[in-house]
Amino acid sequence: MVKGFIAVELDFPDVVYFFAPRPNQQKYSTYPKRQKLRGKLRLVTGRPIKLNRVEIRFKGCTHLSWRDPFKSTHSILAERMHGCKTLRKSKSVLLQDATIPSGITEMGFELTIPGNLCSSFSNDFCDISHKIYAIVVPTGKFTKEIHVEREIKVCKTLMPRDVVYGYVDGYRVPRLMMHGERPGLLAWEFQVPRWACLEEETLEFNGVLHTHPSSSYEWTIERIQVDVVQEEIYRDETMNSKRHLVISNNTPSTYLHPPLDTPISFSFPLQQQQELNNTLPSVTSTPQPGQLRRVVSVPTYLSGMGYQPTSKRKTISPNGKVTLLSHGSLTYSLDSPFLEIRHFIRLIIHVAGESPPICIGLPFQITPFLNLREDQQSNDDGLPTYQSIYRDEERLPDYVSSLSIAQNNEIVEEEEEVDESPPPPQQQASSCCLSSTDTSLSSIAPRPLRRNHQYSSSQPYGLQLLAGSTSIASLHHTAPVTHCGSLAEERTLDDFWLHGGI
């Protein structure tokens, strides 16, 4: 530390959040479009010091360091990919040619963080980090600059802000209609959520299987296997790419002899299922001095729990594309210059008397689950706060909630229709002049759904499209499952199916 300085400290929030836009506001990909990060630079000095300048810098960068995992660590012939790229760089000057007194000096700063930045991420081959630097330059020939840095985490989620902060109860993720066919055999349609949270227990979606119109034979499905596949594409600056395929440790969900022309609800756990307690194995007997302890052994393969040992394998497709296969845990979807992480719901349909089986990949995204609350701060000037304005139900349009909430709101509406007498003037005035200090956010009633609203429903969201009709045409003209359809093409065995696993 430079003579005279006791401490230099940066103080700002650890995480910056970006949310998905509202359903009726698709102008930008994130909400807000940019964040204003506010913090303080604290200088503790033992005497007055003259400073040349004080700067605050923000820098976001990504590093790629990929190497062939099948080669030795010290192998010279191992294939490698390296890359480094700056995502964002900004600077703000806080002080120039000034003298600070002895004691504690605090200087506030504000930085702009755009919403198009990548989320913070780190694994064995790629790292995305964002840091804030404080540079203090004292005046003098033989003085040294003081550099202080601190990392800040950028978290981006596909959950809307109103849902994260609890303003919309029973929110249901929008779904996308996906359809496809194998000529002469089967046709399929699935309602897949656009995104799912990794912290949730299971991923649920619906589907219908039909006999293809060009086939006159009634096919029988032996079983359907469902699991999740994570695809990682690593690229360097020369556009060389490497493909990794990570399979969930959980055993696939199996559906035996599912009927045709019938809505089916599928599910698969995203988190690894472990029923054993995370404790050390128990000791069978108390060891005596000079004796070895005997510990109950734990099997390395737990078939009932769906656990599989971590292993890796390399495959080469007929077109020469190399893929690294492995079992492991899933992570969040990501789109960055050097790494792209995508997720697919893999369905393997075994049809009686037909080979090979049908393999389908349904794309979706995995996003972080957030549950935040607004800071309850006192409002001394008595002006309306942002929280009180947000209570207006007209500011939360186009959200789809669960069946139970919709039914409760219909009951409330019926009671209001019976009692048509206007409230007293005092009661009416008090209801219109609600301030942020009168009611907490946790006690706010959920926004009632209008009966004639395009997003209101009287059936559960997942089965709303599938109930009443099982034809392919009827599923395309029903709202609000999707705004546009997607083609769920059949994947080739060499590209997507693992030939019996690893």
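A few ground rules come before the tour. This is a predicted model, in which local features need pLDDT of at least 70 and side-chain atom pairs count only at pLDDT 80 or more, while totals for chains, interfaces and linings use all residues. Residues are numbered from 1 along each chain as its sequence is written, and side-chain values use heavy atoms, with hydrogens and water left out.

**The salt-bridge network**

A salt bridge here is a side-chain nitrogen of Lys or Arg within 4 Å of a carboxyl oxygen of Asp or Glu. By this rule the count comes to 18 salt bridges. E9, D11, K40, R42 and E106 are linked in a network of such contacts.

| Pair | N to O distance | Sequence separation |
|---|---|---|
| R42 and E9 | 3.0 Å | 33 residues |
| R42 and D11 | 4.0 Å | 31 residues |
| E106 and K40 | 3.7 Å | 66 residues |

Strands are DSSP runs of E with at least two residues, numbered from the N terminus.

How open are these side chains to the surroundings? Burial is read from relative accessible area with a 1.4 Å probe and protein chains only: buried means under 20%, exposed over 50%, and partly exposed in between. R42 counts as buried, because its relative accessibility is 17%.

**A positive patch**

K27, K33, R34 and K36 form a positive surface patch. Patches are made of residues with over 30% relative accessible area and no salt bridge, and like charges are joined within 9 Å. Lys and Arg count as positive, whereas His and the chain ends are not counted. One of the members, K33, lies in the loop between β2 (15-20) and β3 (34-45). K33 is partly exposed, because its relative accessible area is 40%.

Buried or exposed: what describes most of strand β8 (residues 126-138)? Ten of its 13 residues are buried, so the strand is largely enclosed by the rest of the structure.

Which strands pair with β8? Two strands pair if DSSP finds at least two bridges between them. Strand β4 (residues 49-67) runs antiparallel to β8 over 13 bridges, and H63 stands opposite D127 in β8. Strand β7 (residues 121-122) is also antiparallel to β8, with two bridges. There, S122 has D127 in β8 as its bridge partner, and a hairpin joins β7 to β8 through three residues. Finally, β8 and strand β9 (residues 146-160) pair in the antiparallel sense over seven bridges, where I135 stands opposite H147 in β9.

Key:
Patch = residues over 30% accessible without salt bridge, like charges linked within 9 Å, V, L, I, M, F, W, Y side chains within 5 Å. Areas by Shrake-Rupley, 256 points an atom, 1.4 Å probe, with all protein chains shown as cover. Charge placed at Lys NZ, Arg CZ, Asp CG, Glu CD.
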